[in-house]
Amino acid sequence: MPKAATSSASSAARPALRRNQACLSCRKRKLKCDAARPHCGTCVKQWQSLISVPPPVGYAHPTEPQCSYDPVEGLPVAPNVEPSERIRILEEQISQLKSQLNESRQYDSRSTSPRHAHLARNGHRFGSGSSNGQTPDNSPHGGGIVLPHASLDAIQHLSPDSNGSMRRGSTSSPELRQGNRQSIPDPLMDLLFAGWDPDLPDPDTLDHYIDVFFKCDPCGSRVLHRPSFLASMHFHPKDPNYPHPAILHAICASASRWASQEIVTLPDGTRRDKFADIHVSKTRAYIDRTMATGQDIFAVMQACIILSWYFYQEGRWVEVWIFAGFQTRAAVPLRLNYPGTFSAIGAASPGAYLAPPKDLRDLECRRRTWWMTVMFDRIVSVGGWLHGVDERDIGTEFPLRRIDFETSANVPPNPQDLFSENLFTQHPPLYTDSFILFLKAVMIFGRVTDYNTRSNLRANAPPSKNQNPFALPGFEQLDRLLALEFLQSLPPEYKHVDITSDGALDTDLYMVHLVPHAAAITLHNPYLNFSDSSSISTRRCIHATRSILAAYYRLSETSLDITRLHPFATICWYLAAVVQTQLCKYFIEIGDTAREQTVWGEINALRFAMLTYGSRSPIGTRQERLLQGLMTEIVRMTSQMQPLEVGVPLYPFSHAGVFSKETIPTDGTSAPLPDSQQYASDSPTGMNSGMAGSISSTAAPSPTGATLSSWATPTVHSVSYSHSVPAYQQ
């Protein structure tokens, strides 16, 4: 029955609505609707009343009324743009299509892919690209014929109704369905069957990122066999020996730290790399597919390790912890924790375990993948978290030297594993290099973390500074290993961190000389007592801090880029700065202004190191902010006018500073540079210079019971340094 006309003029002028012409929101709530576009009057009024009050915490009001309509044929809809603007957009699209068609005709042949054209210029040719190779079915989002870059936008414009075409920025790989092939213009057919992943950069750019990854990345590159990986890049993308797309996406994300120009600084000061975020999402898509199907699990696990180190350098801790747990859990069913990374026991279970290694190269790749998983687990657990895999469950032998791995030398397996006697004090020459020593140092740090976490779980009270830790079971053995045995047992060629003639620095060896001191601080810091001059824990922490500072001062003498160091270096600097913060508070409490100012300069030098590293890897900036939170109390207590600006040179050990020489006060009010003669006094009792050969003392060691007056930073003089730890103190 038709509605009765109302007396309102507006209602008389408005025709009655037909079925399904009201907006979805009004129909759902059974309200009157005027079907105005783009938003009806009822929805506009409700939205206005909603935004008139502040939103609750954690909630944001919608930016416009939530009003939508069914697509009713014949219903007039207001255009979003003016007709002239629409014409201009179409003309631009036509010009883009013309340029893309011209570019497509410049290939060497109609069937040549972007990678084929790139390699043909260098005298290489693809393999046959058989149907058994990698097809677009490997994409985490389904099958189809993957299109190369140059054809994507053209096909989207020429066939906008195609169900398979997607924009470049979409989350799934662009595809072309079987039913749409006949609508593709002939000039683009030469690009349809190239097999190139459209989500990857063009071949030249991808080669550049791979080269940067192997040259600059100190973490993830350890799991890949570089010569064979570079050789496999010359295969056709459909060839089964071509690198897995997940690994390529992970490499792009990791290498973007040194090559990307798409960095955006957020309002809170953090940085996001748009290029890296795209490839992170692509890698995670492959990981999600593997978690659901189990396909390509080993290659995807290697990509996961590379991506995990990227998250670590970004300081994205939640993702770091999640990926650390995933890696260790996924590696155990693969039997990578068994000797030879394979076990015949239960190996017949369908789809459960990896097949035996194909050759020695495959075996070593598995070993390195496993040990990089364990290393990552130990490093991310430094804050006091339980490890994902216990040492007692690791039977895999240590990896081979890097030179033997890359040359595919026929070398017997490493005779050492975690059950080997004197593992941390005996280093066979044929199975020792800087990476293996770094791995051993990290495993020692892992034992310190295990000791602290398990002691805290079973302790009735937290550790006290008045407690004698050497009376605790297992403490003395760990202290002896850190303070004496490991560093003194290093082979002669690894006791010095030298810069080569071409200006290179072995970053793994640098960490070998840093990690044991950071572990010593972690072990002894709960028992730190500056009031007790005979406290061994205090001396251990001071000595470790001085050694970490000396290593940084030595590096800052050169023009080397410290952002190329392993990201774990920022944690070592942070631990040293924590000890210096505690020492600064002690000097403030006893009123020793001179030494307080000196310590402020050292704290700021470590902050400067973190911020410099943070200019490329956000983990440095995040650690410096965490340190500032710990410094809140001493900043409030100090009498220094600007404590956070004391003694921070632009380039330590150089004549260039933040200010010109004319503006530097000569009355001694500012902290001296680290190589000042004021720092030339010796180390505390029983702790000679931690870097023998680079750190010299001007006096003999102080007698037992020396006070803090002798605790000052040693001077760095020579080119190289090594560890010379004094006799162990019971």
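These questions and answers walk through a predicted model of one protein chain.

Reader: What should I know about the model and its numbering?
Author: Residues are numbered from 1 along each chain as its sequence is written.

Reader: What share of the residues counts as buried?
Author: Buried means under 20% relative accessible area, exposed over 50%, and partly exposed in between, with a 1.4 Å probe and protein chains only. The chain has 730 residues, and the buried share is 50%.

Reader: Is K30 buried or exposed?
Author: K30 sits in the loop between α2 and α3. Its phi is positive, about 60°, although K30 is not a glycine. Most residues other than glycine have a negative phi. With a relative accessible area of 76%, K30 is exposed.

Reader: Is R335 buried or exposed?
Author: R335 lies in the loop between α13 and α14 (360-380). R335 also has a positive phi, near 65°. Its relative accessible area is 11%, so R335 is buried.

Reader: Which peptide bond is cis?
Author: Most peptide bonds are trans. P38 is in the loop between α2 (24-29) and α3 (41-51). With omega near 0°, the cis bond runs from R37 to P38.

Reader: At what angle do helix α22 and helix α23 pack?
Author: Helix α22 covers residues 593-614 and helix α23 residues 618-630. Contact means heavy atoms within 4.5 Å. Axes are lines fitted to C-alpha atoms over the stretch in contact, and angles run from 0 to 180 degrees between N-to-C directions. The axes are 6 Å apart, and the angle is about 145°.

Reader: Which residues of α22 make the contact with α23?
Author: On the α23 side, the residues include P618, I619 and L627. On the α22 side, they are R607, M610, L611, Y613 and G614.

Reader: Why does I322 count as exposed?
Author: I322 lies in helix α13 (residues 317-331). I322 counts as exposed because its relative accessibility is 53%.

Note on methods: This is a predicted model: local features need pLDDT of at least 70, side-chain atom pairs count only at pLDDT 80 or more; totals for chains, interfaces and linings use all residues. Side-chain values use heavy atoms; hydrogens and water are left out. Helices (H or I, at least four residues) and strands (E, at least two) are DSSP runs, numbered from the N terminus.
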